[in-house]
Amino acid sequence: MHLKIWKAHAATGKRRSKQNKNINTNMAQEDLFKKIVAHAKEYGFVFPSSEIYDGLSAVYDYGQNGVELKNNIKRYWWDAMTQLNENIVGLDSAIFMHPTIWKASGHVDAFNDPLIDNRDSKKRYRADVLIEDEIAKYDDKINKEVAKAAKKFGDSFDEKLYRETNPRVQEHLSKRNELHERYSKAMNDMNLEELRQIILDYDIVCPISGTKNWTEVRQFNLMFSTEMGSTSEGSMKVYLRPETAQGIFVNFLNVQKTGRMRIPFGIAQIGKAFRNEIVARQFIFRMREFEQMEMQFFVRPGEELKWFAKWKETRLKWHKALGLGDEKYRYHDHEKLAHYANAATDIEFLMPFGFKEVEGIHSRTNFDLGNHEKFSGKKIQYFDPELNQSYTPYVIETSIGVDRMFLSVFASSYEEEKLENGETRVVLHLPAPLAPIKAAIMPLVRKDGLPEKAQELVDALKFDFKVQYDEKDSIGKRYRRQDAIGTPFCITVDHQTLEDGTVTIRHRDSMQQERIPASEVASVLDKEVSMKELLKKLV
Ligand code: GAP
């Protein structure tokens with residue numbers, strides 16, 4: 001579940017180093033990413049937090065369009081979970097929880113990153129990331145060799161054979177694997193000294209100072225803490241939750257009993273989580289305050305792998321239904337597992353900086369409920385009437401970051417489209433049900449009764465759809481403005497509307513326009529932009 005927990009970290013090492021090869025290697029992708037970040041700000045999607053005070057690292061605010069897109073993502077997830085499944089119910093637990101919860105969950109002792117400082121630059125790094133970046137360099141070297149050979153041999157090039165037989169590729173590969181093995185072992189054994197030794201042995205230098213003047217490697221707990229209660233009464237150290245899942249576990253009995261839930265059943269929750277990330281980079285990909293959508297599905301012991309397979313498939317279908325491109329998703333099944341898990345996979349999405357984890361699906365056995373029983377001293381068992389026995393349920397967890405989902409949708413929707421007339425338009429091809437504004441209603445000119453007619457249409461539509469009245473600037477400029485925020489339809493009210501009650505409807509992606517009766521606009525929108533149509537794809 002927690003990538004930060006030591007053993008799970010090691011398990012992901014190979015994957016991350018593969019991903020890292022994509023990072024910072026492709027200038028075009030880097031430029032594109034910068035443009036996407038700038039676009040998010042310019043059009044009211046994402047702002048750096050506390051910007052007038054020069055910002056707060058890895059914390060972001062969502063603007064007028066961002067909050068709509070984010071809410072639509074959450075609604076898509078929430079309805080898919082709690083509305084389409086009769087046996088999944090919701091929960092909204094508090095951010096502050098009893099501190100012993102984080103003892104029981106393992107976060108106090110093990111939710112750590114290994115950090116290292118460079119004495120010359122005074123910069124702090126994650127030791128594991130430094131080593132993974134080094135592993136990625138070998139991957140880059142191998143890929144460069146392969147690309148060179150592919151160019152040289154053309155169509156007759158057999159990549160698989162080349163990778164298996166070319167001496168230079170083999171040499172890089174063997175060095176890479178040697179490093180990876182040493183690194184995995186150090187992570188698995190929580191051997192901080194060995195991590196430092198690897199950094200020294202492989203001549204890994206600080207990217208700022210260029211020196212190897214490293215401190216020891218130390219464990220750094222990622223949880224934020226604060227004090228609850230006034231000091232005169234005696235205060236208690238509490239944590240800002242680093243995941244929403246524990247709120248579900250500690251409410252398992254409350255929900256099961258009051259909702260008369262029978263296993264198998266799930267509890268879904270959306271909420272903020274906080275992690276004091278050491279390396280916070282890539283915009284809203286890795287934040288210190290972020291939001292999660294988590295669902296814990298409680299099953300009979302012994303049936304968990306069947307349900308794991310089911311949820312793995314169900315969750316990928318949810319992603320793909322958005323139509324962002326099936327080729328942009330892949331599973332990453334974990335080879336090595338955290339001690340409490342018996343299966344785990346990530347759904348990765350092709351971001352501008354490579355394939356990255358967006359969602360984790362984990363078979364967590366009865367680890368959390370069992371530990372809460374132990375630490376609280378309260379019995380947390382389910383009586384199964386069919387089996388006539390009590391047991392601690394097993395759990396399948398699906399856990400997705402709202403902000404990462406936002407980034408994947410936003411980044412893959414962004415296009416700088418070359419038009420036939422030589423101009424470029426920036427368009428966000430957002431899935432229509434997620435778009436902040438579903439339709440912009442525009443009077444062609446600001447006179448002759450057209451604004452009033454357009455306002456009438458807004459008033460008729462606004463109970464069902466988020467629509468926007470837009471009368472400023474030329475019609476062409478208004479189209480561009482709506483394209484840039486991903487509005488699927490622009491409806492123009494013109495003089496003909498006054499005569500025959502028709503309007504023009506312009507499609508964002510094709511830019512095609514057609515004339516339809518104003519009275520039909522609602523049914524067109526209902527078909528094209530409603531969440532219902534998207535949800536129907538899931539069943
Ligand atoms: N309860 C399981 C859990 O928290 P995780 O893999 O640590 O597992 C789940 O996190 C998801 O939360 C990730 O797949 C990612 O989408 C999101 N996430 C984790 N850390 C994040 C961060 N610092 N910033 C943004 N999203 C994050």
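Which residues does Leu 419 touch, not counting residues up to four places away in sequence? Leu 419 touches Arg 425, Arg 480 and Met 511, where contact means heavy atoms within 4.5 Å. This is a predicted model, so local features need pLDDT of at least 70 and side-chain atom pairs count only at pLDDT 80 or more, while totals for chains, interfaces and linings use all residues. Residues are numbered from 1 along each chain as its sequence is written, and side-chain values use heavy atoms, with hydrogens and water left out.

- Leu 419 sits in the loop between β17 (414–418) and β18 (424–428); helices (H or I, at least four residues) and strands (E, at least two) are DSSP runs, numbered from the N terminus.
- Leu 419 is buried, at a relative accessible area of 13%; buried means under 20%, exposed over 50%, and partly exposed in between (1.4 Å probe, protein chains only).
- Val 205 is 214 residues from Leu 419 in sequence and 47 Å from it in space, C-alpha to C-alpha.

**Two helices to look at**
- Helix α12 (residues 304–320) has 17 residues and reaches 24 Å from first C-alpha to last, close to the 24 Å expected at 1.5 Å a residue; the expected span is 1.5 Å times one less than the number of residues.
- The buried residues of α12 are Glu 304, Trp 307, Phe 308, Trp 311, Lys 312, Arg 315, Leu 316, Trp 318 and His 319. They cover an arc of only 165 degrees around the axis, which puts them on the same side of α12; the arc is that of the directions from the helix axis to the C-beta atoms.
- On the other side of α12, Lys 306 and Glu 313 are exposed.
- Helix α8 (residues 167–188) has 22 residues and reaches 31 Å from first C-alpha to last, close to the 32 Å expected at 1.5 Å a residue.
- Buried residues in α8 include Val 169, His 172, Arg 176 and Leu 179. The other side of α8 has Pro 167, Glu 178, Glu 181 and Lys 185 exposed.

**Who lines the second largest pocket?**
- A pocket is an open set of points on a 1 Å grid over the protein atoms alone, where a 1.4 Å probe fits, with protein on both sides within 12 Å along at least five of seven lines; lining residues have an atom within 4 Å of a point.
- The second largest pocket is lined by 16 residues, and Asn 85, Lys 310, Trp 311, Thr 314 and Leu 538 lie nearest its centre.
- Helix α12 gives the most to this lining, with eight residues.
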